[in-house]
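Here is a walk through a multi-chain protein model.

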Amino acid sequence: MELIGHFHYLVFAVLLMTGFYALVAKQNLIKKLLGLSIFQSAVFLLYITMSTREGGTAPIIRPEAVDQIYANPLPQVLILTAIVVGIATMALGLAIVVRIREEYDSIEDNQIRRMDRRS
Amino acid sequence: MYIVASIAILVTMGLALTRALLGPTVYDRVLAVNMFGTKTVLLLAVIAYLYERPDFLDLALAYALINFISVLAVLEFFETSRRRAASDQSPRR
Amino acid sequence: MVVVFALFLLTLLVVTAIAIVRSEDLFSAVVLSGIFSLLMAANFFVLDAADVALTEAAVGAGVATVLLLGALTLTPTRERARSRRRWLALTAVAANVAVIVFATIDAPNLGDPQAPVHQHVSPWYLENTAEYVGVPNVVTAVLASFRGYDTLGEAFVILIAGIGVLFTLGAGRDRLLAKDPEPRPQEGLKHHLIPKVVSRMLIPFIVLFGLYVQFHGDFGPGGGFQAGALIAAGMILHSIIEGERAALKLMPPRLLVTMAVTGTLLFGAVGVVCMLLGGAFLDYSVLAAEPVEGQHLGVLVIELGVGLTVTGVLLAIYHAFAARDQ
Amino acid sequence: MHQLLDMAVWAASWIMLSLGSAFVLVGGIGALRMPTLYTRVHATGVTDSLGPILVLGGLMLQSGLQIGTLKLFAILVFMLITGPTATYALANAALLAGMTPVADRRSERQPSGHEES
């Protein structure tokens, strides 16, 4: 039971670090952005995990149900907005990648650095 | 009974994911994503009943409506890249 | 039993994430990220977060994949360079996983009602939403009313991100319209009869459903963020089918930018009106004779503002990418 | 009489749900085990229509007449419209890219530029 209760944290750790690995080790800029979005999703997952309650349901009040337990609405609010903000900022990142490609004709980090050093 | 249905759907999701990981062509992956999408709709519908909150079917409805946009986007992606390969060989600015 | 489903879904999630990072073909990675988003939504739903799941559904299925594909048409789709100092990175990452797992040993179990998160503000929200705001969906109430400042900030962040994209890529769009504004017969997927007919039939329903999510957000899962993403997805479908020029003719860039700006300004204006009526900034109780009525009105208007902003920004971003490759 | 009817509806819904699950599962196995792309499209395309009809139909019978049933019906209709369209779009994209449908696995040709390492 202990393992089931903590499995979400394990998944959070692995997802977070998978995204982080893509960010630091991969050279491709789009791959880095995908890694960033995985990293972000891991955080979303942690927050939503914290919001659940045993025997609870989504925090939409049902007047007919007495003594109903509801999940914590606050983390859900934070994550709900963060998802949309996440896609908007990822689009900004992609836009910058597209511009980099137009300037350097490459989206590989090491090649871009080499070109920068040469000029 | 809902549980049996959800287990069948979950197993199918696993199979679809395996297909998406195996490939071998990109079309197989897109096929797997599409399949995964329909299975998600079914899973969400069944779980909404399992939780006894049918008002959450909105979610499955949203997926049923917009899931195929990504497949069409893939089709358009292929068309665009093919058209570009046909029209000019020179690198585009 | 559902807990076991969640474990299975989470395992699939990890597998997908590792596959995304490992795949050398960026196109495959993007396709796999579609699966990742579906799994996230299913997980959120299982974890009792219907609103969040709806957001992830609308954003992930309708917008994220399309945006990534739009960027991929402008960039090479294969990863060329190999990973740098792969083993060093792997060791660091593994060490970090160990540290995080060690740090979460003392964390409360999943769903533990004694967890610190459930002790402070949230019981108050759950008990008093009906009295102060009077909407059944506590998430909407907290989002729009109790934490209105936060949401205002998020709306501005979205607007600023959109402005950033338009500044980085925007010129191409005006060029496209100035050069050749007439829709071409070859554009889009118009020559595919079945997708064309089906999409023309579906787009009104998607927009209608978006409006339902927008205005039903007080009672069920939904609200401005979800509705904005859904409506944007519908219009993106229109643009994919009919081609970029037809879509820009229907909703010109100027209109999209106006929508985005109007939305945020509407949000801010509600706050200012509240102040002028003698309340605090974004305290909607003063908007009507009855405080609860005022809250209702305020929530409705600011959700509308958020919806406008999200639709405008997401569509403007999409068009910025799509018009660039013409 | 009423009781008998209820029983019949109940039994029918369970039968539909289990049949639907079986079809869904068969589709999944088909997608994994079939040898070429087009056979896989076939396997999933067919079961993606039949599975939802049975599963969602079973759920509809479970819930009786209420707003949820209407939503389920809408989901079903939209899935029946979009599923085949997506399958068509996918098969069409593959065909246009030059993947020829073949019966023999060994001669499956992959067009240049789309195969992966």
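Begin with chain D. Of its 117 residues, 44% count as buried, where buried means under 20% relative accessible area, exposed over 50%, and partly exposed in between (1.4 Å probe, protein chains only). This is a predicted model: local features need pLDDT of at least 70, side-chain atom pairs count only at pLDDT 80 or more, and totals for chains, interfaces and linings use all residues. Residues are numbered from 1 along each chain as its sequence is written, chains are lettered from A and ligands numbered from 1 in the order in which they are written, and side-chain values use heavy atoms, with hydrogens and water left out.

The secondary structure of chain D comes to three helices and zero strands. Helices (H or I, at least four residues) and strands (E, at least two) are DSSP runs, numbered from the N terminus. Along the sequence, the pattern of chain D reads α-α-α. Now take its contacts, meaning heavy atoms within 4.5 Å. Among those in chain D between residues at least 6 apart in sequence, 62% join residues at least 24 apart. Chain D exposes about 6000 Å², and carbon and sulfur atoms supply 71% of that area. Accessible areas come from the Shrake-Rupley method with a 1.4 Å probe; for residues, only the protein chains shown count as cover.

Next, the core. A nonpolar core is a set of buried Ala, Val, Leu, Ile, Met, Phe, Trp, Tyr and Cys residues joined through side-chain atoms within 4.5 Å. The largest one has 218 residues. Tyr27(B), Phe27(C), Phe44(C), Phe321(C) and Ile75(D) have the most contacts inside it. Helix H2 of chain B (residues 26-50) gives the most to this core, with 17 residues. Look at Phe321(C). Leaving aside residues up to four places away in sequence, Phe321(C) touches residues of chain A, including Ala91(A), Leu94(A) and Val98(A). It also touches residues of chain C, among them Leu67(C), Leu74(C) and Val165(C).

How do the chains meet? No contact joins chain A and chain D; their closest C-alpha atoms lie 16 Å apart.

Between chains A and C, 79 residues of chain A are in contact with 93 residues of chain C. The buried area (accessible area, 1.4 Å probe, that two parts lose on being put together, summed over both) is about 7800 Å², of which carbon and sulfur atoms give 75%. On the side of chain A that touches chain C, helices H1 (2-25), H2 (29-51), H3 (73-104) and H4 (109-118) of chain A each give two or more residues.
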